[in-house]
Amino acid sequence: MVGSVIVYNDTIIGEGFTSKYGGNHAEVNAINSVSDKNLLKDSTLYVTLEPCSHFGKTPPCSDLIIKHQIPNVVIGCKDDNEKVAGKGIKKLKSAGIHVTVGVLKKECKKHHKRFFTFHNKKRPYIILKWAETKDGFVAPESKGEQKPVWITNMFSRQLVHKWRAEEQAILVGTNTVLEDNPRLTVRDWSGESPIRVVLDKNETLSKDFNIFNNEAETILIKETSTKKICQKLFEKEILSIIIEGGAKTLQMFIDENLWDEARVFTGDVSFKKGILVPKFSGELISEQKIDTDILKTYLNK
């Protein structure tokens, strides 16, 4: 979400961030939160992303800033969306507003990585996630029953539910549904469940599986090409997605180099045999211990 802060005489008088899709933008919420609007004429508005200059789901934010005669605007990074792309900055400057661009640019770009990936690469920001055993397996050879075999502890599983609440969608393949019958919803955390995306090229899944319950929206995709899958997700305006497996589905995205981040748990268990972990390489950016588990996060460079 875009964030905005309004400052008058070194004091924050207004704050706002992007509302749910179709609602107010950050700047609008920040301006609306200011109790004395007369102060805006002597204030500075800070915003992480360039204010929009076009009519979309809401009116242009740049027009509202101009209307309230805010004299100074500090912008973290430009908007790459072709509908904006510098036009918001130009509009503000044309109205006589002093505009500063690129303050904490690197941090703002990182914060808006989903947005920039969507507009620049025409696909969602893709997060790979899996859990592996100490001896390098993601699942046993045969479970004999239709439910997950847990590799990680309860704290790691809670963290995964937190992640689900932070992303727009979650994706699994047909085999994961057949073997685990997952719900793919947020239960161990407070938040909205992501859109469930299931790869079902042969339309083999019956409506009895949990992914078809009314707890969240479900999209079935028949495509077998990861590029076409990404194209479908882009058309659905999905900005971010977690790929939760299994190994075959994860490897598909790795082999096509269609991933941005990988979050890999190693649990304190061994299988001795089973389905091997995906093969990939990435830049390790963090490692942490979660009770008995190890979580490593990688970026695709």
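**View 1. The buried residues of helix α8 (residues 226–235) are T226, I229, C230 and L233.** Here, buried means under 20% relative accessible area, exposed means over 50%, and partly exposed is in between (1.4 Å probe, protein chains only). Looking down the axis of α8, you'll find its buried residues within an arc of 95°, so they line one face of the helix; the arc is that of the directions from the helix axis to the C-beta atoms. After α8 comes E237, with a positive phi near 60°. Helices (H or I, at least four residues) and strands (E, at least two) are DSSP runs, numbered from the N terminus.

A quick note on all the views: this is a predicted model, where local features need pLDDT of at least 70 and side-chain atom pairs count only at pLDDT 80 or more, while totals for chains, interfaces and linings use all residues. Residues are numbered from 1 along each chain as its sequence is written, and side-chain values use heavy atoms, leaving out hydrogens and water.

**View 2. Strand β9 (residues 195–199) is largely enclosed by the rest of the structure, because five of its five residues are buried.** I195, V197 and L199 point one way from β9, while R196 and V198 point the other way. So what sits alongside? β8 (residues 169–173) runs parallel to β9 and is joined to it by five bridges, with G173 standing opposite L199. β9 also runs parallel to β10 (residues 218–221), this time with four bridges, and V198 has L220 as its bridge partner in β10. Two strands pair if DSSP finds at least two bridges between them.

**View 3. Together, β8, helix α7 (residues 174–180) and β9 make a right-handed β-α-β unit.** Right-handed means that, with the strands pointing away from the viewer, the path from the first strand over the helix to the second runs clockwise.

**View 4. Five strands form an open sheet in the order β2-β1-β3-β4-β5, with mixed pairing.** β2 (11–17) and β5 (98–101) stand at the edges with a single partner strand each, so one side of each has no neighbour in the sheet. From one strand to the next, the twist averages 15°. Axes are lines fitted to C-alpha atoms, for helices over the stretch in contact, and angles run from 0 to 180 degrees between N-to-C directions. Six bridges link β1 (residues 3–8) to β2 in antiparallel fashion.
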